[in-house]
Structures are given as structure tokens and as C-alpha cells.
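Please look over the sequence and the structure shown below before reading on. The report that follows takes up a single chain, then the way copies of the chain meet, and then some local details.

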4 protein chains.
Amino acid sequence: MHKGRLEAFSDGVLAIILTIMVLELKVPKGADFEALKELLPIFISYILSFIYIGIYWNNHHHMLSTVKEVNGSILWANLHLLFWLSLVPFVTGWIGENNFASTTMALYGFILLMAAIAYFILQQTIIKKEGEASVLAKAVGKDMKGKASPIIYLVAIPMAFVSSWISGALYVLVALIWLIPDKRIERSLKK
Amino acid sequence: MHKGRLEAFSDGVLAIILTIMVLELKVPKGADFEALKELLPIFISYILSFIYIGIYWNNHHHMLSTVKEVNGSILWANLHLLFWLSLVPFVTGWIGENNFASTTMALYGFILLMAAIAYFILQQTIIKKEGEASVLAKAVGKDMKGKASPIIYLVAIPMAFVSSWISGALYVLVALIWLIPDKRIERSLKK
Amino acid sequence: MHKGRLEAFSDGVLAIILTIMVLELKVPKGADFEALKELLPIFISYILSFIYIGIYWNNHHHMLSTVKEVNGSILWANLHLLFWLSLVPFVTGWIGENNFASTTMALYGFILLMAAIAYFILQQTIIKKEGEASVLAKAVGKDMKGKASPIIYLVAIPMAFVSSWISGALYVLVALIWLIPDKRIERSLKK
Amino acid sequence: MHKGRLEAFSDGVLAIILTIMVLELKVPKGADFEALKELLPIFISYILSFIYIGIYWNNHHHMLSTVKEVNGSILWANLHLLFWLSLVPFVTGWIGENNFASTTMALYGFILLMAAIAYFILQQTIIKKEGEASVLAKAVGKDMKGKASPIIYLVAIPMAFVSSWISGALYVLVALIWLIPDKRIERSLKK
């Protein structure tokens with residue numbers, strides 16, 4: 001089976017996830033800057049989640065570019081990833097509307113953790129099909145980023161109950177780690 | 001006519017159906033786990049419907065991969081399927097918000113039944129065009145899954161008025177039957 | 001310029017228009033059939049508009065299949081069509097929530113009329129670029145359907161103030177006329 | 001990396017932005033023209049933003065048509081542009097619901113300014129990759145439009161506090177400047 005529709009469907013779902021998050025930014029009643037100020041936490045949570053979805057789209061794009069064909073397992077591993085990402089707008093709204101309260105920040109981290117695990121499963125499913133000698137397997141290598149992220153999330157989740165700021169800083173840290181596009185795959189593809 | 005736009009349009013509609021279902025999961029007022037608990041039935045209904053839409057996308061993907069060209073009848077049979085699937089977010093919200101009440105569970109089954117019939121019509125329309133010797137016709141064969149599903153729905157709908165649990169279990173059963181990707185088509189394509 | 005992105009973008013917009021209409025079908029408070037009954041006019045208006053958007057997608061698909069390249073004028077004529085179609089969910093909700101009141105039915109017809117005119121402009125813009133000897137120009141020919149539809153709308157709009165039923169019947173009539181896929185283009189393409 | 005998915009993803013996001021703006025046009029309670037009148041400012045703001053998003057899609061289409069491959073920097077420059085455009089539905093709703101109040105009009109201009117800057121960054125990122133001898137670099141040339149727009153926005157933003165009409169007129173002016181499709185690229189491509 002060709003990978004074209006898998007990419008198109010994932011692009012569609014990710015594009016919608018990205019855009020419905022902005023619906024949380026409800027038009028305020030007032031017409032002055034005062035009215036905007038109340039939206040600030042929602043706006044900040046929107047920026048963070050926008051970057052996260054952008055990173056996932058970016059890495060998904062890189063990862064799939066190494067694949068030639070897909071099978072049923074890859075389709076379902078991909079849907080599993082989209083499931084967890086589809087919950088991002090919900091938790092984004094939750095942290096934003098509650099001013100980053102501890103419980104909400106912990107759940108935010110939990111959804112990110114599940115998405116990271118789902119991404120890892122998808123990656124392994126593709127490598128299993130493509131073989132250990134494939135471009136992806138070589139590109140991923142020791143996969144430091146992929147291993148570090150869940151560990152940071154696992155620290156950030158309980159930390160949310162100590163301080164929302166610490167767990168927030170850890171989520172930003174993971175985003176920064178990934179913001180640098182996955183040169184590994186670009187490099188492997190060139191060889 | 002090329003099948004490209006039929007696939008792209010269906011991907012778009014299915015991606016949006018999948019994603020607007022999550023809008024039913026409204027951000028709760030409270031910021032603790034207590035507030036989340038109330039969302040549990042809606043979350044469960046979301047998972048079930050997410051899997052159903054995933055199955056339809058998956059099978060649609062498999063089915064269309066055997067087709068070369070489409071005609072007017074196929075376009076309309078496809079739109080007919082999308083119509084019934086577009087009602088899934090509505091019934092998903094209805095069962096979730098009413099804690100799986102009998103009437104809501106019956107309607108959920110009715111929409112699934114109509115979608116199954118629409119899928120069957122689409123399949124037959126394609127076979128009619130491609131011929132009895134086509135990949136799809138051979139792959140479908142006796143079509144045990146396609147025939148069992150509507151029968152299970154027809155049992156589940158009245159059962160909803162006896163017990164929501166029984167009809168719910170039957171909907172999960174059908175999902176499990178289909179969750180196994182349609183190896184028949186993959187096998188036929190390889191030959 | 002290649003037509004690929006014009007098709008993809010139009011597919012995206014039409015898919016979203018189709019799907020957000022279902023959001024008007026708000027999940028009712030009650031969990032019985034009584035609660036559903038109140039949604040009946042909204043459901044009927046949804047079916048009618050779903051068919052209309054389906055017809056537009058279908059014909060758009062047929063029309064673009066004859067085109068090889070697009071220019072700036074075609075891009076804007078296409079956006080103009082999408083603008084009027086983007087208002088269909090709004091008027092669909094309006095007629096549904098007001099039980100097909102006269103004024104709402106007249107506006108529904110007006111939006112359909114403007115969409116029909118926009119479609120005609122797009123068609124002429126393409127023919128102008130492709131030339132009078134093009135597949136589309138031959139296929140369209142005397143364009144009976146394209147000329148009859150606006151005339152019927154022009155009758156249906158004032159008729160809404162006499163009886164909503166008459167204007168509703170006229171909208172259904174136009175849908176039926178178009179429901180038959182545009183065999184003209186399929187035939188011309190084959191030659 | 002191939003540019004296909006970048007285009008598809010951008011098309012998806014822009015299509016959704018375009019279409020969710022119409023959700024601001026909430027179905028009014030009344031069923032007469034009186035009820036519609038109140039929606040007039042929202043409708044006008046919808047038309048203006050529809051044209052702006054149309055222009056961005058159009059120019060994005062033209063610009064990408066000159067590109068062969070994309071890299072990580074282009075992907076992120078593109079996401080940055082989509083971020084600012086994703087805020088257009090929010091500010092469109094804000095100006096519409098507040099009858100074009102000064103502060104809302106200033107913010108509208110600010111978002112347009114940021115989108116223009118993001119577009120410029122994307123353009124430069126592509127030129128940097130493609131080289132000064134590329135089709136795009138030649139087509140852009142002195143880039144009068146691209147330089148005039150931010151200057152007009154910078155005038156329009158403070159002007160909003162003098163008169164909403166003046167800043168509104170300036171936003172319309174920029175739209176008119178761009179409405180003329182970018183013949184420069186079409187011309188360069190032909191050579």
C-alpha cells in the first residue's frame with residue numbers, strides 16, 4: 001500500500017488539531033486591552049501546544065519521508081499517535097483556563113507522555129517493517145531525544161504538584177530539544 | 001476520472017469527523033480530577049467512535065487502493081457513506097452526555113448500521129464497475145465481516161432497551177472484528 | 001501553474017463546510033426520541049445542504065478534471081465560489097432553527113443563487129483560458145442545467161414569502177436536476 | 001525533502017482558518033431581516049479576512065510553485081506564518097463583535113503586520129536555500145508590495161485610535177494592492 005493517504009490523513013488531522021486549539025481563544029466581551037489580558041494564559045498555552053503539534057508534524061514528515069510502503073500495523077500505530085495528539089486541544093484549554101493549576105499541568109504532561117510513547121511505537125513499527133538496515137533505523141540510531149523526552153515528562157508530571165512553573169519549564173525544555181529539526185534523518189537520506 | 005480527489009476529499013471529511021468529536025469533550029470548570037470524572041462517559045464514547053472512524057478510514061483506504069478509476073455512481077455512493085459517518089459525532093455526544101441511556105444507544109447502533117449498509121453499497125458499486133474478476137471482488141469473497149456486522153447491529157439496537165451494557169458490548173465486538181486489518185485485500189493485491 | 005493545489009484547497013474547504021454543518025445539530029438535553037423530534041427541521045435542512053455541497057464538489061471535480069493548468073483569474077474565481085458556499089452552513093442553520101420561516105428560506109435561495117452565479121463565472125473563466133475548442137466548452141454546450149438553476153432560484157426566492165413549501169420544493173427540484181452526474185463531461189472526456 | 005506535504009498541510013490549515021471564521025457568524029435568534037442586520041459588522045469583517053486569507057493562499061501557492069525541495073528552516077518559517085494567520089479568525093471576530101472599535105482595529109492590524117513579517121521571513125528563507133539566481137529571487141525583485149504592506153500597517157495601527165474608518169480603509173487598500181495576482185512569479189516561471 002502506498003503511503004500517500006497515510007500522510008494526507010495525518011496532515012488533515014494535525015491541521016485540524018492545530019486550528020481548533022485557537023477556538024479556545026474565545027472572543028472577549030470587552031473591546032479594550034483589559035479584556036485581552038484575561039486571555040493571556042490561554043494564549044501562552046496555545047503557543048506551547050502549537051509548537052508541540054508543529055514538532056510532531058515536522059518529525060512525522062521526516063520519518064515518513066524514509067518509508068516507501070505502509071501496512072496495517074503502521075496505519076494503526078499512526079492512528080494511535082493521532083488519538084493522543086487529538087487530546088492536546090482539550091488539555092491546552094484546561095491548563096489555559098485554570099491558570100496552569102497543578103492537576104491540569106500534570107494531565108498535560110501525561111498526554112504528552114502518551115503521545116511520545118505512541119510516536120516511539122510508530123517508529124519501531126516502521127523500523128520493524130523496513131529492517132534494521134533501513135534509512136530510518138540508521139537515522140534514529142541511539143535516539144537520545146526520543147529517550148530523554150519521556151523521562152523528562154515523568155519528572156515533570158509529579159513536579160506539577162510541587163510547582164506548576166517547574167513542570168511548565170520542563171515542557172518548554174522538551175520543546176526546545178525537538179525544535180531543532182531532526183538533522184539525523186536529513187543526513188541519512190543524503191547518504 | 002482519477003480517484004485522487006475522491007480519496008483526498010474522503011480523507012478530509014474523515015479527518016474532520018474524527019477531530020470535531022473531541023470538541024464534545026468540553027473543558028470542565030474545575031481544575032481537579034473530580035471535574036474530569038464527569039467527562040468519563042464522554043471520553044469512553046470518544047474512544048469507541050474514534051476506533052470506528054479509524055476502521056472506516058482503514059478499510060476505505062484498502063478498498064480504494066484496488067480501484068483505478070471512479071465514475072459518478074462511485075462518487076455518490078461515497079458521499080452517501082460520508083453522510084452517515086458525519087452523524088457519528090452527534091450520536092457519540094448523545095450517548096456520552098446521557099451516560100449511555102437506552103434510546104441513545106439504540107440510535108448509535110442505527111447510525112452504525114446505516115454506515116455499514118452505505119459501505120456495502122459503495123463496495124458493490126465499485127465491484128460492479130471493476131468487474132467480478134477484479135482484485136476487490138476476489139478479496140471480498142464471501143465477505144463474512146461485512147455480513148456479520150449489520151446482523152450484530154440489528155441485535156444490538158433492540159437490546160439497548162434491555163440493557164445498555166449488552167448493546168455496548170456488541171458495538172465493541174464489531175469494532176474488535178474489524179480492528180484486524182483487512183488482510184484479504186493485502187493478500188489479493190500481492191498476487 | 002499546476003491545478004493540484006487548487007483542487008486540494010477546494011477539497012479541504014468543501015470537506016470542512018460539509019462537516020461543520022453537522023455542528024448545528026446540537027446534542028439535545030433529553031435522552032429520548034421526544035428530544036430528537038425538535039431537531040427534525042435542522043436535520044432536514046442538513047440533508048438538503050449536504051446534497052447541495054455534494055453536487056458542487058461533484059461538478060467541481062468533473063469540471064477541473066478537464067483543466068490542465070490554472071492562472072490567477074481561475075484561482076480567484078474559485079475563491080469567489082468558495083466564499084458563497086462557505087455561507088451555506090449559516091443559512092442552513094437559520095432555516096433549520098426557524099422551521100423554514102419565509103425570510104430564512106428566501107435568504108437560503110439567495111445564497112444558492114450567488115453560488116450558482118459564482119460557479120458560472122468560474123466555468124467561463126476556465127473556458128476563456130482553455131479556448132472554445134476545449135473539452136469543457138464542448139461538454140458544457142448549451143448548459144441547460146446551468147441556465148435553468150438560477151431561473152428556478154429567482155422564482156423560489158419571492159415564492160418563499162407566499163409559501164415556504166413551494167420554495168423548498170423548488171430547491172429540492174434543482175438538487176434533483178443536478179443529482180444526475182454531469183455525463184456531458186464524462187462523455188466529452190472519453191472522445 | 002519533497003514540498004508536497006508542506007503544501008498539503010498549509011492548504012489544510014488555511015482551509016480550516018477560512019472556514020472557522022464563518023462560525024463567528026452565529027445563527028441569529030430571530031427569523032427576519034432585522035435579526036440579520038446585527039450581523040452586518042461581523043459579515044463585513046468576514047469578507048475582509050476571507051480576502052486576506054485568500055491572498056495569502058494565492059501568494060503561498062505562487063511562491064511554493066518555484067521551489068523544488070524544502071528543508072527544516074523552511075518548514076518552521078512556514079509554521080511561523082501559519083501561527084499568525086491562525087489568529088486571524090480571533091481578531092476578525094473581535095472587530096466584528098465590537099463594531100470595529102479602535103483597540104480591536106489596532107490589534108487586527110498588528111496580526112496582519114506579524115503575518116506580513118512572517119511571510120517575508122519565509123520568502124527570504126526560501127531564497128537563501130534556492131540561491132540569488134533562483135526563479136523566486138528574480139520574481140520578487142525589489143518586492144515593492146512586500147515592503148509597502150508593513151509600512152501601511154504601521155501607519156494604520158496608531159490611526160485606529162484616531163478613526164477606525166481610516167485604519168479600516170488602509171487594510172482594504174493593502175488587500176487591493178495584493179488582490180492583483182503576483183504576475184511577477186508567473187512571468188519569471190514562463191522564462
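## Basis of the description

Two residues are said to be in contact if their C-beta atoms, placed from the backbone, lie within 7 Å. By that criterion, residues 24 or more positions apart account for 78% of the contacts in chain A with a separation of 6 or more.

The model is predicted, and for that reason local features need pLDDT of at least 70 and side-chain atom pairs count only at pLDDT 80 or more, while totals for chains, interfaces and linings use all residues. Residues are numbered from 1 along each chain as its sequence is written, and chains are lettered from A and ligands numbered from 1 in the order in which they are written.

## Chain A as a whole

Chain A contains 10 helices and zero strands, where helices (H or I, at least four residues) and strands (E, at least two) are DSSP runs numbered from the N terminus. Along the sequence the pattern of chain A reads α-α-α-α-α-α-α-α-α-α. The radius of gyration of chain A is 18 Å, close to the 16 Å that the globule rule gives for 191 residues, so chain A is as compact as a globular protein of that length; the radius is taken over C-alpha atoms, and the rule is 2.2 Å times the number of residues to the power 0.38. Taken along the principal axes, the C-alpha atoms of chain A fill a box of roughly 55 × 35 × 25 Å.

Of the 191 residues in chain A, 48% are buried, a residue being buried if 20 or more other C-beta atoms lie within 10 Å of its own, exposed if 12 or fewer, and partly exposed in between, with C-beta atoms placed from the backbone.

## Where chain A meets chain B

The contact between these chains takes 24 residues from chain A and 23 residues from chain B. On the side of chain A that touches chain B, the elements that give two or more residues are helix H1 (4-20), helix H4 (72-86), helix H5 (88-97) and helix H6 (102-130) of chain A, and the largest share, eight residues, comes from H1(A). By class, this side of chain A has 15 nonpolar, seven polar and two charged residues; here Ala, Val, Leu, Ile, Met, Phe, Trp, Tyr, Cys and Pro count as nonpolar, Asp, Glu, Lys and Arg as charged, and the others, Gly among them, as polar.

## Where chain B meets chain C

Here 24 residues of chain B and 23 residues of chain C take part in the contact. The elements of chain B that give two or more residues to the side touching chain C are helix H1 (4-20), helix H4 (72-86), helix H5 (88-97) and helix H6 (102-130), with H1(B) giving the most, eight residues. That side of chain B has 15 nonpolar, seven polar and two charged residues.

A rotation of 90° with 0.0 Å of shift along its axis superposes chain B on chain C, with an RMSD of 0.0 Å. The two copies are therefore related as by a four-fold rotation axis. The C-alpha of chain B nearest the axis belongs to Gly12(B), 4.3 Å from it.

## A helix pair in chain D

In chain D, helix H3 (residues 40-64) and helix H9 (residues 164-179) pack at an angle of about 35°, with their axes 10 Å apart; axes are lines fitted to C-alpha atoms, for helices over the stretch in contact, and angles run from 0 to 180 degrees between N-to-C directions. The contact joins Leu48(D), Ile51(D), Tyr52(D) and Ile55(D) of H3(D) to Tyr171(D), Val172(D), Ala175(D), Trp178(D) and Leu179(D) of H9(D). The residues of this contact divide into nine nonpolar, no polar and no charged.

## Two single residues

Ala156(B) lies in helix H8 (residues 144-159) of chain B and is buried, because 24 other C-beta atoms lie within 10 Å. Not counting residues up to four places away in sequence, Ala156(B) touches Gly109(B), Ser167(B), Leu170(B) and Tyr171(B).

Gly72(A) lies in helix H4 of chain A and counts as partly exposed, with 18 C-beta neighbours inside 10 Å. Gly72(A) and Phe43(A) are 29 residues apart in sequence, and their C-alpha atoms are 38 Å apart in space.

Methods. Copies are superposed by least squares on the C-alpha atoms of residues with pLDDT of at least 70 in both.
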